[in-house]
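Please look over the sequence and the fold shown here before reading on. The paragraphs below walk through a few of its side chains in turn.

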Amino acid sequence: MKIAVITGASSGLGIEFLRAAVTLCPEIDTYWLIARREDRLEALKSQFPEKICVPSRSTSPTPPH
């Protein structure tokens, strides 16, 4: 099983990278999509039902007080 990890996947270059990878690298079975916008990740996941897309929300570290 081949896995690709794509950060910033909810917009811009991240989405374009995912689209290109699905088209140009059919041997990749699973994509781990990482971004801050969880709703956009879920919508993106539904665009590629033939692939396993695992959305994961990233968070910013909490600065020390």
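Is Arg19 buried, partly exposed or exposed? Arg19 is partly exposed, with a relative accessible area of 34%, where buried means under 20%, exposed over 50% and partly exposed in between, for a 1.4 Å probe and protein chains only. This is a predicted model, in which local features need pLDDT of at least 70 and side-chain atom pairs count only at pLDDT 80 or more, while totals for chains, interfaces and linings use all residues. Residues are numbered from 1 along each chain as its sequence is written, and side-chain values use heavy atoms, with hydrogens and water left out.

Arg19 forms a salt bridge with Glu16, their closest N and O atoms being 2.9 Å apart; the term requires a side-chain nitrogen of Lys or Arg within 4 Å of a carboxyl oxygen of Asp or Glu. A search of the whole structure finds one such bridge. Glu16, at 44% relative accessible area, is likewise partly exposed. Both residues belong to helix α1 (residues 12-24), where they sit three residues apart, about one turn of the helix; helices are DSSP runs of H or I with at least four residues, strands runs of E with at least two, numbered from the N terminus.

In the loop between β1 and α1 lies Ser10, which counts as buried at 8% relative accessibility. Leaving aside residues up to four places away in sequence, Ser10 touches Ile15, Ala35, Arg37, Arg40 and Leu41, contact meaning heavy atoms within 4.5 Å.

Strand β3 holds Ile52, which is partly exposed at 48% relative accessibility.
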